[in-house]
Amino acid sequence: MLVTSDRFGALDISEDRVLHFPDGLLGFASSDRFALIDSADGGPYYWLQSVDDPSLAFLSVVPFAFFPDYQLDLSPDDEVAMGLTSPTDALVLCLLTVLRADDQVTVNQITANLLGPIVVNSATRVGRQIILADSGYPVRAPLAA
Amino acid sequence: VLVLTRRANQSIMIGADVVITVLEVRGDQVRIGIKAPRTVAVHREEVFAEIQQENRDAALRPGVGPDIALPKPPGSVN
């Protein structure tokens, strides 16, 4: 699938790297498909590029790399909505907020949304942003190096 | 806005699948039961709004792209 993007140029994304969010991401209901793009350095980061909007992209991280104690309990409802039958099929990503718009971003200017992680069924590539309402996790947890 | 008056143990139907029931009224607090299909996400409005706002802030600004320096996770080898 050819995806045009402001940041990455024209991308040829294989279908198995396109994630589908039937409910959208909260606040972005009109973009329900995102290309999953590995970070160049092979770290725990992924870019999420909207298939529908070339200007819309997010940076995300596998949270356990920075927050080893991070835990999320999926509700049966979430599992049903995603068709998730095995925990090992779940790809967990947290969206990152980059607080300064230049190349000199430092660690404490990048925060992870631990309260509203994204969970993707890697077998079907259907995902959902879930809200861990009673977890006490913050929406802006600084990445600690 | 549709305004309905309900007493404890009375319900409201939203469509054919969603049932909102007033369970208990005590002072300025109301306990509400929600029965909805599993595919319908139900959230407290303030938490929903917080995530929505953070998503908007997380949408990358122009100029933030693949060339930004990202911190290495603790314990990783350079």
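**Close-up views of a predicted two-chain model**

At 30% relative accessibility, R33(A) counts as partly exposed, and this residue of the predicted model opens the first of the views described below.

View 1. The closest N and O atoms of R33(A) and D52(A) are 3.3 Å apart.

**View 2. D38(A) and R17(A) meet through their side chains in a salt bridge.** Here the N to O distance is 2.3 Å. Because D38(A) lies in strand β4 (residues 33-38) and R17(A) in the loop between β2 (9-12) and β3 (18-20) of chain A, the contact ties together parts that are 21 residues apart in sequence. D38(A) is partly exposed at 45% relative accessibility, and R17(A) is partly exposed at 29%.

**View 3. Further salt bridges occur in chain B and as a network in chain A.** In chain B, R26(B) is paired with E24(B), their closest N and O atoms lying 2.6 Å apart. R26(B) counts as exposed, with 60% relative accessibility, while E24(B), at 24%, counts as partly exposed. In chain A, a network of salt bridges links D23(A), D78(A) and R128(A). Over all chains, the structure holds 9 salt bridges.

**View 4. Aromatic rings pair and cluster in chain A.** The count over all chains comes to 7 aromatic pairs. One of them, formed by F8(A) and W47(A), is edge-to-face, with 5.5 Å from centre to centre and 70° between the planes. Since F8(A) lies in the loop between β1 (2-5) and β2 and W47(A) in strand β5 of chain A, this pair ties together parts that are 39 residues apart in sequence. Both F8(A) and W47(A) are buried. The ring centres of Y70(A) and Y137(A) are 4.8 Å apart and the planes stand at 55°, so this pair is tilted. Y70(A) comes from the loop between β6 and α1 and Y137(A) from the loop between β10 and β11 (141-142) of chain A, so their pairing ties together parts that are 67 residues apart in sequence. Y70(A) is buried, with a relative accessible area of 5%, whereas Y137(A) is partly exposed at 23% relative accessibility. F21(A), F28(A), F34(A) and F58(A) form one aromatic cluster.

**View 5. The largest pocket draws its lining from elements of both chain A and chain B.** This pocket has a volume of about 720 Å³ and is lined by 28 residues, with S75(A), I131(A), A41(B), V42(B) and H43(B) lying nearest its centre. At least two lining residues each come from α1 (76-82) and β10 (126-129) of chain A and from β3 (29-35) and α1 (45-58) of chain B. β3(B) gives the most, with 3 residues. By class, the lining has 15 nonpolar, 5 polar and 8 charged residues.

**View 6. The second largest pocket is lined by residues of chain A.** Its volume is about 170 Å³. The lining is made up of L72(A), L74(A), E79(A), L84(A), T85(A), S86(A), P87(A), A90(A), V92(A) and V119(A), which divide into 7 nonpolar, 2 polar and 1 charged.

Technical notes:
Residues numbered from 1 in each chain as written. Chains lettered and ligands numbered in written order. Predicted model: local features only at pLDDT ≥ 70, side-chain atom pairs only at ≥ 80, totals over all residues. Heavy atoms only, no water. 1 Å grid on protein atoms, 1.4 Å probe; cavity = no way out; pocket = protein on both sides within 12 Å on 5 of 7 lines; lining within 4 Å. Points joined across faces, edges and corners; volume = space filled by probe spheres on them. Helix = DSSP H or I, 4+ residues; strand = E, 2+ residues; numbered from the N terminus. Nonpolar A, V, L, I, M, F, W, Y, C, P; charged D, E, K, R; others polar. Salt bridge = Lys/Arg side-chain N within 4 Å of Asp/Glu carboxyl O. Buried < 20%, exposed > 50% of the residue type's maximum accessible area, 1.4 Å probe, protein only. Phe/Tyr/Trp six-rings, centres within 6.5 Å; stacked < 30°, edge-to-face > 60°.
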